[in-house]
Amino acid sequence: MSSLLLIEQALNGLQFGVMLFLIAAGLTLIFGVMGLINLAHGSLYMVGAFAAAGVSALTGSFLLALVASLAAAAMAGVVIEMTVIRRLYDRDHLDQVLATFALILIFSEGTRYLFGSFPLFLDKPEWLSGTVTLPLGIEYSLYRLTLIGVGLALAAGLFWMIARTRVGIRIRAGENDREMIGALGVNISRLYTLVFALGAALAGFAGALVGAIQSVQIGMGEPVLILAFVVIVIGGIGSIKGAFIGAILVGLTDTLGRFLLPQLFALFMNPSEATSVGSSLASMSIYLLMAGVLLFRPKGLFGEA
Amino acid sequence: MTDPVLDVRGISKSFGGLKASDAIDLDLRPGEIHALIGPNGAGKSTLIAQIAGGLAPDSGAVHFAGRDVTALSTAARARLGLARTFQISMLAMEYTVLQNAMLGALGHRGGVFRFVRSVMRDHDLVARAEAALEQVGLQDFRAFRTAELSHGQRRQLEVAVALTLDPKAFVMDEPMAGLGAEGSQQLVGVLDRLRQQAPILLVEHDMDAVFALADRISVLVYGRIIASGTVEDIRNDPEVRRAYLGEEA
Amino acid sequence: MKRETLLNAAILLLLLALPLWASVADEPFLITLTTRAVILAIAGIGLNFALGFGGLVSLGHAAFFGLGGYAMGILAFHAQNYTPMMEWPLLIEGTKSMPVIWLVAIVTGALAALVIGALSLRTAGVYFIMITLAFGQMFYYFAISWPAYGGEDGLSIYVRNSFPGLNTMDPIQFFAVCYAVLLIVLFGTWRAARSPFGLMLGAARQNPDRVQAVGQVPYRLYLTAFTISGAITGLAGALFADLNRFVSPSMLSWQTSGEIMVFVILGGVGRVFGPVAGAALFILLEHTLGGLSEFWHIYLGAILLGVVLFAKGGLYGLIAGREVAHD
């Protein structure tokens, strides 16, 4: 029983990890290509979730809600890229941090103005609720399993896009040498807007997918954003592969830590103390993981040394 | 013959398949200016980085002031008296000229971790910084912000900062780069007087300056020293003429 | 330079005159508001030490601010409940004495900054920003999940802590304490900025290679600055918790880090008095805009965006000129 539970928790960790990847991938791409640190990336995640919740409430269709999340986040991305972000590429990191922090304030408060302070609920569709039976007789939530599948498919698609398509080649060229692609006649500012919109859409999509298992609320984006930062620090900045490995590592460490650490401490402590010590330590586990990586590989697992 | 102050022994460094330094031997003796010349991409910057610190050679050793400094950091080598000037001006642009010179004097003396007394009231340090500025002819610009200086003046300031380190040797990376005829001439005068204070390893593209200053010249091509000798030797060396001077002309 | 000095004096005078007048006019709320500005100014000065002088863009200063707050909360909590903090290996009792609490907050902030700094300064640039933000968040989650000191709900203190010879429950007397601390911190920072350390640290910010070339190690300079910065911010945190007689995980949240950074930017990065002006301005905005609209953060965001995009240098940059004076 306990090992079945463990497998279920590991699947939860994997699900958490692939969703983190969708956010981290956009962040790391945007940094890799444009050299921009975007704190407002979490806001785009929130925009996606709210758009989905809104459309779902109006139409009752989950698929339309997902489409709305993609469209709204991509559009928000294009708008802020063209009005604000674009002016930041040549600025130092401090300016980027401050301006995107200002964007968070505007997004959060603007969303509160439109939707109110109360959390919204986005129901997962009928056809994705319930459980499936996996090999070994494991009962697992169909929706979460779908998230894993969708996340992995998107990751594969992203890898393919960067490795094989023309846009991908330009993105890689942009990462290596910004002036170079300008000299090759690529319209840089359009490429930048495109990359930003792509990152935004991924984040918004993740927001909608996760929104169906958690509540949709103001400020939901920033804790996820910070986790995505941890992912990037572990994986190495600018590396999609690093973002993927980092995201899975963080997802598993966090989920399994919360599950295992209290049990571990229960071996030599009384139950209530073990729960409190175990869960407080579990809440720190991914940051300790990050600290460990920093000690041995300051540029992350897949960063350029 | 006196012992060399700086002695580079058999340094090699590769980047992937490219040999940027190939078994380089080079030394610097008291009182001399030893010029290192070579076409672009010959590996001069790589060599400088291995001598001044920041890049570790794959093999070989750097000896300075009688000890092996190969494993030491840039900062540790600087504290031993290896003063370096940079190809691109590496100055604190927001600071005044005097403050930049103070950095050298302070870095050399130590006692950086003091938090209360104003550093500009430290008369000993100020005196040292001012003496260095005077030596390069910048004394009238001491209160100017470094960002306001002309390119040539920044070059002079680089040298002044190096001077405050009370150096046993200078390593100068293209100090004449970007200077007009007048600026070059002025700096040539400064360097010429400087060699008595400490010998100079001079990496330079400006051949007039090199021929005017150098006691010895070494020619670096594709990571190898292809010739080394006096100005006359180098002028007449057929290999150098073919590999280097021919190209330049 | 002259205008900057005038502005410094004007801000300090204003911060002093306002609560004095409020005390006479019997407007205790105004005193509390000014006290808040004074304490936040101290936090901003702390961050400015790393950010302005050392160029270290830390988004994790809420950790030090919150730890200072919890240092106060935990010590006072044990004192008011008459339970020892620790019995073994040595007996440690809580305390209600402000000077002792301040000392503990300073040491806690410094130690946390030393450890976080030692790790995060192994990197630079964007990594540093993300790592400091992440470590800050770690303390936040820890405080939420650790039930002994209130967890998510935080800790309340019944009576404000004591300072010898003063009645700290009297708003104007507590204000006086905070104002005095501000003056001391300002004086110390002003001296440090002109000291040998300040000179070399500024050079490390502008050009780390230059610092190495004169025989010094930038990492040590950065780490020292970061530690001092954490100590000052920790002290501010203890005062802030004392002002509210309450400490909660929200002091440790990333929003707090962001807000402290906003004070520094609104005032002017790298100026000794910048954070004081910035904190005062922030409180003013919060009070006036907050009175106009429930959604005042939108306006704050717009103002911040405007400052970043068009008015770099903040208030000081606008009034005293863009260049930071250095002697």
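Visitor: Which residue of E5(B) is the bridge partner of B:Phe64?

Guide: In this predicted model, B:Phe64 has B:Arg67 of E5(B) as its bridge partner.

Visitor: How do you know that strand E4 and E5(B) pair, and in which sense?

Guide: The criterion asks for at least two bridges found by DSSP. E4 (residues 59-64) and E5 of chain B have two bridges, in the antiparallel sense, so they count as a pair.

Visitor: What is the order of the strands in the open sheet of four?

Guide: The order is E2-E1-E4-E5 in chain B, with antiparallel pairing.

Visitor: Why is H1(B) described as largely enclosed by the rest of the structure?

Guide: A residue is buried if 20 or more other C-beta atoms lie within 10 Å of its own. Seven of the nine residues of H1(B) are buried, so the helix is largely enclosed. The buried residues are B:Lys44, B:Thr46, B:Leu47, B:Ile48, B:Gln50, B:Ile51 and B:Ala52. Just after the helix, B:Gly53 has a positive phi of about 105°.

Visitor: What makes the pairing of the six-strand open sheet in chain B worth a look, and what order do its strands take?

Guide: The pairing is mixed, and the order is E6-E7-E8-E3-E9-E10. Its edge strands, each pairing on one side only, are E6 (82-85) and E10 (224-229) of chain B. On average, neighbouring strands are turned by 15° against each other, direction ignored.

Visitor: How do you know that E3 and E8 of chain B pair, and over how many bridges?

Guide: At least two bridges are needed. E3 (residues 33-37) and E8 (residues 200-203) of chain B have four, in the parallel sense, so the pair qualifies. Within it, B:His34 is bridged to B:Leu201 of E8(B).

Visitor: Which strands of the six-strand sheet does helix H1 of chain B touch?

Guide: H1 (residues 44-52) touches E3, E6, E7 (169-173), E8 and E9 (216-221) of chain B, and its direction makes about 150° with that of E7(B). Helix H5 (residues 151-164) of chain B lies across E6 and E7 of chain B, at about 170° to E6(B).

Visitor: Where are the bounds of domain 1 and domain 2 of chain B?

Guide: Domain 1 covers 1-81 + 167-249, and domain 2 covers 93-166. Their centres, taken over C-alpha atoms, are 26 Å apart. Each domain gives 10 residues to the contact. On the domain 1 side, helix H6 (residues 181-194) of chain B gives the most, with three residues. That side has seven nonpolar, three polar and no charged residues.

Visitor: How do you know how far chain A is from chain B?

Guide: Contact requires C-beta atoms within 7 Å. Chains A and B do not touch, and their nearest C-alpha atoms are 14 Å apart.

Visitor: Which chains have the most contacts among the two pairs that touch?

Guide: Chains A and C do. That contact takes 37 residues from chain A and 35 from chain C. Elements giving two or more residues on the chain A side are helix H4 (93-115), helix H9 (221-235) and helix H11 (271-296) of chain A. H4(A) provides the largest share, 16 residues. By class, the side has 25 nonpolar, seven polar and five charged residues.

Visitor: How many residues of chain B are in contact with chain C?

Guide: 31 residues of chain B contact 24 residues of chain C. Helix H2 (74-80) and helix H3 (97-109) of chain B each give two or more residues, with H3(B) making the largest share, seven residues. This side of chain B has 18 nonpolar, eight polar and five charged residues.

Visitor: What share of residues 142-163 of chain A is helix?

Guide: The span is 100% helix and 0% strand, with its end C-alpha atoms 31 Å apart. For residues 101-122 of chain A, the figures are 68% helix and 0% strand, with ends 27 Å apart. In the unreviewed UniProt entry, the annotation "transmembrane region" covers both spans, among others.

How values were computed:
Residues numbered from 1 in each chain as written. Chains lettered and ligands numbered in written order. Predicted model: local features only at pLDDT ≥ 70, side-chain atom pairs only at ≥ 80, totals over all residues. UniProt positions renumbered as here; feature names shortened; annotations may be inferred. Nonpolar A, V, L, I, M, F, W, Y, C, P; charged D, E, K, R; others polar. Axes fitted to C-alpha atoms, helices over the stretch in contact; angles between N-to-C directions. Buried ≥ 20, exposed ≤ 12 C-beta atoms within 10 Å, placed from the backbone. Domains from an automatic or database assignment.
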